[in-house]
Amino acid sequence: MRTTGRARAARGAAAAITAAVLLLPASGVALADPDVSDQDVRDARRAVTSASSAVAGIEVRLAELSTQAETSQVAVQQAGEAYAQAQADLASAQQQASQASEQYDQAQEQFAEARATLVAIAREAARSGGSMDTVQALLSADGFEDVVARSEALSHVSSKADQAVQGYLAAEQVATTLKTKADQAAAAQETAAADAQDALDAAQQAQSDADAAVAAAQTERAGLIQQLAVARNTSAEVEQARQDQIDAERQARAEAAAQAERTTPAASTPAAGGGTAPAAGGGSAAPSTPSTPSTPSTPSTPSTPSTPSTPPVTTPPVTTPPVTTPPVTTPPPVSASKAETAIAWARTKLGLPYVWGGTGPNGYDCSGLTQGAWKAAGVSLNRTSRDQYRQVTKIAYADLQPGDLVFWGTNKNDASSVYHVALYIGGGQILEAPSEGKPVRIAAMRYTNSMAYAGRVG
């Protein structure tokens, strides 16, 4: 069996540590052993230092590996969000193509009716012995430009025929315009369909890459833990339990810090989209204070002192972003009956699989689940988690009530970074469609990577 460099170093470190223990008493003075020289002692000390460095390096790498799965999962969820957006774009393109096709069909019918009217007028004129040469010439024209070229004779046509000709011309122009629009909409639909397929392929590839990365990380982690066991003269089981505890403590610290940040009523950051945070009641945030501050006891003065007779110097505007505060108005109350309906509906989906772009009934993605839940309560939500975050009323986490939505993103202040949404059901729990391979479930509320605000529907 091939021995890795790290494994050899770990066993060497273990041997060096053992030798150092034998050679170095508590006082640090070499034992009076004629077979042990000062050089032996120095070598043993260097080996101990090298072993400590090797162990530290292993622990650093283990810490990196412990976050790799989380990073991979975020990438997968971002790819899933991109697919959901592509699906929404495709649905919109399909609707526009359908509407354009219907409008063109109607225009074709109107054009056919206008032509039939002209034909009837021409026949009637022929039966009555009148001359309708201009109408017949119009009907035999090769196209709209030819029709316009012959329109000088329209003044000789009867009033009724003139109206029919004008209707014919208008109907033909409308039909031609709508045909172009329908063709463009059909092309856009094809492009959107291709984009949706590309997004699905990318999401599935992201999942495959994440699975491979996690598997490789787990293999490397197991090898590093074995090396630690050798270096520390323990067992792999002991080191595995130790690393699991370290990972759990790290995640707990990160979650506690994120929760404290989200729930502490301190100065907030700009809301999603880069603007100031909207008030909880759905209105705009209060205007920011003037850029030049003043103390409570002293009136605000220009930055450059001046005598009473000198006009005040106007200071240029400050370019730093305005400081915003969390929502200060009372959030709109949750409709208890609607929230209960949404939650009850979502509970019936527990255990169903996560499906890329899923909107039911046999599987869901994260935003498909929240959209379906609130649709059951009679409320229309946007399709993607990003658009849902833009749509809802922003509320502080301290105001969370059952039925509210919780969002996660890579930038807590940027709606375009949102990649996941879940339904808050109360008691510190959420109901969510988490990711590929994980069914719809109830989980503990997570604050790590959550957006600056939660959202209230309605």
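1. A quick word on terms: buried means under 20% relative accessible area, exposed over 50%, and partly exposed in between (1.4 Å probe, protein chains only). The model is predicted, with local features needing pLDDT of at least 70 and side-chain atom pairs counting only at pLDDT 80 or more, while totals for chains, interfaces and linings use all residues. Residues are numbered from 1 along each chain as its sequence is written, and side-chain values use heavy atoms, without hydrogens and water.

2. Do have a look at the aromatics. Rings of Phe, Tyr and Trp (its six-membered ring) pair if their centres lie within 6.5 Å; planes under 30 degrees apart are stacked, over 60 edge-to-face, and the rest tilted. The whole structure holds five aromatic pairs. Tyr-354 and Trp-356 are edge-to-face because their ring centres are 5.6 Å apart and their planes stand at 85°. Trp-356 is buried at 12% relative accessible area, and Tyr-354 is buried at 11%.

3. Next, the salt bridges (a side-chain nitrogen of Lys or Arg within 4 Å of a carboxyl oxygen of Asp or Glu). A search of the whole structure gives 14 of them. In one, Asp-183 and Lys-179 meet at 2.8 Å, N to O; both lie in helix α5, four residues apart, about one turn of the helix. Asp-183 is partly exposed at 42%, as is Lys-179 at 33%.

4. Glu-239 is buried, with 2% relative accessible area, whereas Arg-232 is partly exposed at 28% and Arg-242 is partly exposed at 31%.

Key. Helices (H or I, at least four residues) and strands (E, at least two) are DSSP runs, numbered from the N terminus.
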